[in-house]
Amino acid sequence: MAFEFQFQPVLAQSEVLLDGLYLTLELAGTGIVLGGLLGTLLAVLRGVMPALRWPIGVYVEVVRNTPFLVQLFIVYLGLPEAGVRMSAEQAAVLTMTLNLGAYATEIVRAGLDSVHKSQIEAGLSLALTRWQVFRHVVLGPALARVWPSLSSQFVLMLLSSSVFSFISVQELSGAASNVEQDTFRSFETYIVITVLYLAMAMALRVILALLGRVMFAAPVRAR
Amino acid sequence: MIREFGTSELWFVVSSARWTLALTLIALGLGGVLGFVIALARVSRLAPLRWLAAGWIGLVQGVPVLMLLFLSYYGLSLAGLDLPPLVAAGISLSFYASGFLGEIWRGCIQSVPWQQWEASAALALSRAQQYRYVVLPQAVRIAVPPTVGFIVQLVKNTSIVSIIGVVELARAGHLVNNATFQPMRVFCVVALVYFCICWPISLAARWLERRMHVGRAG
């Protein structure tokens, strides 16, 4: 018996899917912003406070060498045992922030390391304050240099958000399993969802590239 | 009856790591072969082959592993193949690995200086001989550190196939948690086992990378 594709029953549920899509964007967007900030903060702290180098290093290694899914289980199922309760969505955002934070720390650290000492000396000799040197000579160029790596990590994070359906968050893949159970058209459902993820990933790549161009435009333009 | 998280539960979790390792090896083997073909297609002289390979890489890198899993799970069963979950999981992880390894290895092949191609062409080597004797031996050297680094991603992503019932580490943790209701302890043990697998590989990747840069400078 040949299989006949039937997309109508799946597309009839587009409202459920769009709700899921919206939640995915919301969770991933929050996680990406918070995780990016956390990573930048930790990478900077690691540089200015040598005492923190070791604990931050442990955090980065632990997160990078364990699966996102297991981290999610520890946060969502494990933490309530320790008295910290939160909704599935909050657990999702927290896990994502902690996970992305570790990767971003490592990426931003590489950027900070790539700024040569002579640049800082040059900045100070131009009578810039230490803050100005940090902001314009160290952090700005460092972030500009690693923006492509950060962007791909952000996209990976968006895609990883699909495992939130494991803890019954109704984001895109959670919505997909609902639609699948209502329509019994599993393959069609996941084809539609795959196309949506693909579109989101492509859109995010384009947006991040444009954002990078705006944020890291040369501060002084030749006139 | 609620069980304690004791020695037998601990052993169940630790021993289920063998399926995590088995899945990693399957994906590395099958995905490696497929990834190699994709890398060659990606640098082929035939444009349609290049587009096809680029499309495959874009697809695999643009969708969650979970979707690759569901698509191969349901797709293969619709194609009339009634596969056990372990096989479907192995296939989807192989697809995942092929997309990433193909792109990594494409970079390695292209990083071999083009003069090497010219020199070997001047020696009247065929295209196959150029790959076999000149380009690939050099590309493999460059490819080792990033490939080892990718294995860590692969080990971690095997956890996702727990959803279709393969009892690997993450699934074992879930089962034990359902019996003991001690999620913190159970999943920290699970995380620790993953860490014990992944960390040495991460360190090896870093060491290989450092060693290669030293070698190139000399």
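Q: Where does A127(A) lie?
A: A127(A) sits in the loop between α6 (117-125) and α7 (130-160) of chain A. Helices here are DSSP runs of H or I with at least four residues, strands are runs of E with at least two, and both are numbered from the N terminus. Keep in mind that this is a predicted model, where local features need pLDDT of at least 70, side-chain atom pairs count only at pLDDT 80 or more, and totals for chains, interfaces and linings use all residues. Residues are numbered from 1 along each chain as its sequence is written, while chains are lettered from A and ligands numbered from 1 in the order in which they are written.

Q: What is the phi of A127(A)?
A: Most residues other than glycine have a negative phi. For A127(A), phi is near 65 degrees, which is positive, in a residue other than glycine.

Q: Is A127(A) buried or exposed?
A: You count the other C-beta atoms, placed from the backbone, within 10 Å of the residue's own: 20 or more is buried, 12 or fewer is exposed, and in between is partly exposed. A127(A) has 7 such atoms, so A127(A) is exposed.

Q: And what about F181(B): where is its place?
A: F181(B) is found in the loop between α8 and α9 of chain B. Phi of F181(B) is near 55 degrees, again a positive value in a residue other than glycine. With 13 C-beta neighbours inside 10 Å, F181(B) counts as partly exposed.

Q: How many helices and strands does chain B have?
A: Chain B has 9 helices and 0 strands. Its C-alpha atoms fill a box of roughly 75 × 50 × 25 Å along the principal axes. Of its 218 residues, 40% count as buried.

Q: How do I read two packed helices?
A: Two packed helices are described by the angle between their axes and the distance between the axes. The axes are lines fitted to C-alpha atoms, for helices over the stretch in contact, and angles run from 0 to 180 degrees between N-to-C directions. Take α3(B) and helix α5 (residues 85-110) of chain B: they pack at about 120 degrees, with axes 9 Å apart. Under 35 degrees is roughly parallel, over 145 roughly antiparallel, 65 to 115 roughly perpendicular, and the rest oblique. So α3(B) and α5(B) are oblique to each other.

Q: In which hand does α3(B) pass α5(B)?
A: A crossing is left-handed if the near helix is turned anticlockwise from the far one by less than a right angle, and right-handed if clockwise. α3(B) passes α5(B) in a left-handed crossing. Among the residues making the contact are W56(B) of α3(B) and F100(B) of α5(B).

Q: At what angle do helix α2 (residues 17-42) of chain B and α5(B) cross?
A: They cross at roughly 45 degrees, and their axes come within 6 Å. α2(B) and α5(B) are therefore oblique to each other, and their crossing is right-handed.

Q: How many residues of each chain take part in the contact between A and B?
A: Residues are in contact if their C-beta atoms, placed from the backbone, lie within 7 Å. Chain B brings 29 residues and chain A brings 30. On the chain B side, α9(B) gives the most, with 11 residues.

How values were computed. Contact = placed C-beta atoms within 7 Å.
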